[in-house]
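The following exercises concern the structure displayed below.

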Amino acid sequence: MVMDELASRKYPVREHMRFQCRLWTIERIGWLVLALITVLALLGLFGTGILSNRSISAGSLTIDYDRFERVTRQAEFSFHFAPSSNGERRLRLNRAFQTNYQIASIQPPPARSSADGLDLTFAAPAGSAADVVIWAHPHSYGTMRLEARADDEPPLKFSVFVYP
């Protein structure tokens, strides 16, 4: 007697093979979804990685940052100024940056600062490039719409998504 493996049986255990095949299909789809989430996480969708690293520039300012951050992790924003004949470089961040982040460290320390938004002035040798790195902790999660301005140039707008 030949038995069909996909036929429903009543002995020794009651089986509904049509239902079992559907369940196996759903299980395999679940495995694929978990594998996709793992690959996306390794690529940086939930933190540092290829999908998260971002570099934008306009005028004399270039910003390197992570598009995806975690509320429990310190964020790093790197600002690169092109060479200028001016002995001082000014970085202005909008009020949203000051509202959404608690600054832990600024390197190099600014020569002067003001609290209207966040206006930082740095001493820089004339004719050379300057770099400023700000480490900050996000206050909350969600999308943060930020802008930065070098000297008197138009603002450079960017957004960061912070995971809980």
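Predicted model: local features only at pLDDT ≥ 70, side-chain atom pairs only at ≥ 80, totals over all residues.

**Exercise 1.** Describe how strand β2 pairs with β1 and with β4.

*Solution.* Begin with β1 (residues 53–58) and β2 (residues 61–66), which pair in the antiparallel sense over 6 bridges. Within this pairing, Ser57 has Thr62 of β2 as its bridge partner. The hairpin has 2 residues between its strands, and Gly59 takes a positive phi near 65° there. Next, consider β4 (residues 75–81): its pairing with β2 is antiparallel over 4 bridges. Here Thr62 stands opposite His80 of β4.

**Exercise 2.** State the strand order of the open sheet of 6 strands and identify its edge strands.

*Solution.* In general, the strands of a sheet pair through backbone hydrogen bonds, in parallel or antiparallel fashion. The order in this sheet is β3-β11-β10-β5-β8-β7, and the pairing is mixed. The edges are β3 (68–70) and β7 (112–114), each of which pairs on one side only. On average, neighbouring strands of the sheet are turned by 25° against each other, direction ignored.

**Exercise 3.** Which residues touch the most other members of the largest nonpolar core?

*Solution.* The core contains 29 residues, and those with the most contacts to other members are Phe77, Phe79, Leu91 and Tyr101. Among the elements that give two or more residues to this core are β2, β4, β5 (88–93) and β6 (101–107). Now take Leu91 as an example: beyond four places in sequence, the residues it touches include Leu61, Phe79, Phe81, Leu120 and Ile134.

**Exercise 4.** Classify Glu147 as buried, partly exposed or exposed, and locate its surroundings.

*Solution.* Glu147 lies in strand β10. Buried means under 20% relative accessible area and exposed means over 50%. Glu147 has 24% relative accessibility, and therefore counts as partly exposed. Beyond four places in sequence, the residues touched by Glu147 include Arg92, Asn94, Pro155 and Lys157. Glu147 and Lys157 are 10 residues apart along the chain, with 4.2 Å between their C-alpha atoms.

Conventions:
Residues numbered from 1 in each chain as written. Heavy atoms only, no water. Pairing = 2+ DSSP bridges. Axes fitted to C-alpha atoms, helices over the stretch in contact; angles between N-to-C directions. Core = buried A, V, L, I, M, F, W, Y, C linked by side-chain atoms within 4.5 Å. Buried < 20%, exposed > 50% of the residue type's maximum accessible area, 1.4 Å probe, protein only. Contact = heavy atoms within 4.5 Å.
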